[in-house]
Amino acid sequence: MTIAPQRLDQPLETESEAPAHREPAPRPRTSAHLSSEQIDELGRELDALRAEIIDARGSRDAAYIRRVIAVQRSLELAGRAALLLARHRPAWIAGTAMLSVAKILENMEIGHNVLHGQWDWMRDPDIHSRTWEWDFVTPARAWQHTHNDLHHVWTNVLGKDQDIGYNLLRMDEDQSWTPRSLGNPLYNAVLAPFFEWGIAIYDLELEDYRRGLKSREDLVLGLKALGRKFVRQAARDYAATPAVAALTGSGRQALTAALTANAVRNVWAHAVIFCGHFPAGAETFTEEQIEGETRGDWYVRQVIGSANISGSRLLHIMTGHLSFQIEHHLFPDLPSNRYPEVAVRVQEICRRYGLPYTTGPLLKQVASVWKRVCRLALP
C-alpha cells in the first residue's frame with residue numbers, strides 16, 4: 001500500500017489506516033536504526049507540531065504576507081518607472097535591480113507559497129491558491145499538478161518523482177547512464193537562466209504523453225494554456241514596458257533590462273530549488289522502499305530527502321523560505337514565515353531520533369550540487 005496523491009489541505013494516510021500487519025520496508029541506511037514504533041511516534045510528534053502552528057495562525061501572519069506583497073509591488077512599479085530612463089546607465093542598473101528583486105519575491109515568497117495553499121485560511125480571494133497566477137511562464141494550475149500533487153507526495157522516489165533531473169539531467173546513480181549524460185554540466189548551465197522555460201516544458205508532461213499516459217487532447221490544452229500565459233508575460237515585460245520607455249528613447253534598454261531581470265530571477269530560483277533537493281546528504285528512494293509507507297515513514301522521507309540553506313533573515317525571505325526545504329517538505333501548507341520557528345523544533349526531533357538534518361551556507365550547497373551534476377555526467 002502506498003500513499004496516493006492528495007490535496008495539501010487533506011491529511012496523508014495515518015498509521016491507523018495503514019496495513020495492520022505490514023512487512024517493514026527496507027529503509028535507507030540513515031533511518032534503518034528506527035523501529036516501526038519509533039517511526040510512528042515521530043509521526044505523531046510532527047503531526048502535533050503542525051497542528052500547533054495551524055492553531056496559532058492569525059493576524060501576524062496575514063500582516064506578513066500582505067506586507068511582502070506591498071513591498072514586491074512597490075519594487076516592481078519603481079523598477080519599471082526607472083526603466084523609462086534606462087538609456088542612462090544608473091537608471092538601467094536601478095530599474096533592473098528593483099525589477100529583479102520584485103520578480104524573485106513574487107516567484108519565491110509569494111507565488112510559490114500562495115499556490116501551495118499556505119494562505120488559503122485567510123479566505124482572501126486575492127491571496128488564494130485557486131485564484132493566484134504568478135509571474136512565471138508556466139501556468140499556475142499546471143505547476144500545482146506536477147509540484148503539489150506529484151513531487152510533494154513522491155519526493156525523491158525514483159520512477160515517481162520526475163523532479164529528479166526534470167527529465168533532462170542525470171541526478172542519481174540509479175538513473176541509467178547514456179552518452180547523452182556527458183552533457184549534464186552544459187544542460188544545467190543552460191537551464192539556470194531559462195529555468196522558467198525548463199519548468200514550463202516539464203509541466204507539459206511530455207514523457208507521459210510519449211508513454212501513452214497523457215492524451216493528445218490534454219497535451220494540446222496544456223500547450224494552449226502555456227501559449228496564453230507567455231503572451232501575457234511577454235506583453236508586459238517585452239512589449240508594454242519597452243514601448244512606454246521608447247517615448248524617452250529608452251525602449252531598447254528597457255527591453256534588455258526586462259530580459260536581464262527574468263534571467264536573474266531564473267538563476268536564483270534554479271539555485272535555491274537545486275540546493276534544496278540535490279546537494280550531498282539529500283537521499284533518493286526506490287519504489288520498494290515506500291511500500292507500506294505510513295505517515296511517519298513519509299515524514300522521515302521528507303527529512304532525509306531534503307536539504308536546507310543556512311543564512312540571514314533576508315536570505316530566507318528571498319528564497320521564499322525554501323532555505324527551510326526540510327520544513328517545507330514536511331509541512332508544505334504552513335505559512336512560510338513560520339518555518340524558522342518550526343525548524344528549531346524539527347532539528348530537536350531529528351537529534352532525538354538520530355536522523356540527519358542536512359544544512360549549509362548557500363555557496364557550499366551550490367558547489368555540492370554542481371559537484372553532483374558533474375560527477376553524474378560520467379558512467
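## Salt bridges in the model

A salt bridge is a side-chain nitrogen of Lys or Arg within 4 Å of a carboxyl oxygen of Asp or Glu. Side chains of opposite charge can pair when their charged atoms come close.

The model is predicted, so local features need pLDDT of at least 70 and side-chain atom pairs count only at pLDDT 80 or more, while totals for chains, interfaces and linings use all residues. Residues are numbered from 1 along each chain as its sequence is written, and side-chain values use heavy atoms, with hydrogens and water left out. The structure contains 22 salt bridges.

## Links between distant parts of the chain

Glu-173 and Arg-375 form a salt bridge through their side chains, at 2.7 Å from N to O. The two residues are 202 apart and connect distant parts of the chain: Glu-173 is in the loop between helix H4 (140-151) and helix H5 (184-191), and Arg-375 is in helix H14 (residues 362-375). Helices here are DSSP runs of H or I with at least four residues, numbered from the N terminus.

A salt bridge also joins Asp-333 to Arg-50 (2.7 Å, N to O). Asp-333 is in the loop between helix H12 (325-330) and helix H13 (339-353), whereas Arg-50 is in helix H1 (residues 36-56), 283 residues away. Asp-333 is buried (under 20% relative accessible area), at 10%. Arg-50, at 21%, is partly exposed (between buried and exposed, the latter being over 50%; 1.4 Å probe, protein chains only).

In helix H13, Arg-352 and Glu-348 lie four residues apart, about one turn of the helix. Their side chains meet in a salt bridge at 2.5 Å, N to O.

Salt bridges with shared partners join Glu-76, Arg-80, Lys-103, Asp-135, Arg-236 and Asp-237 into one network.
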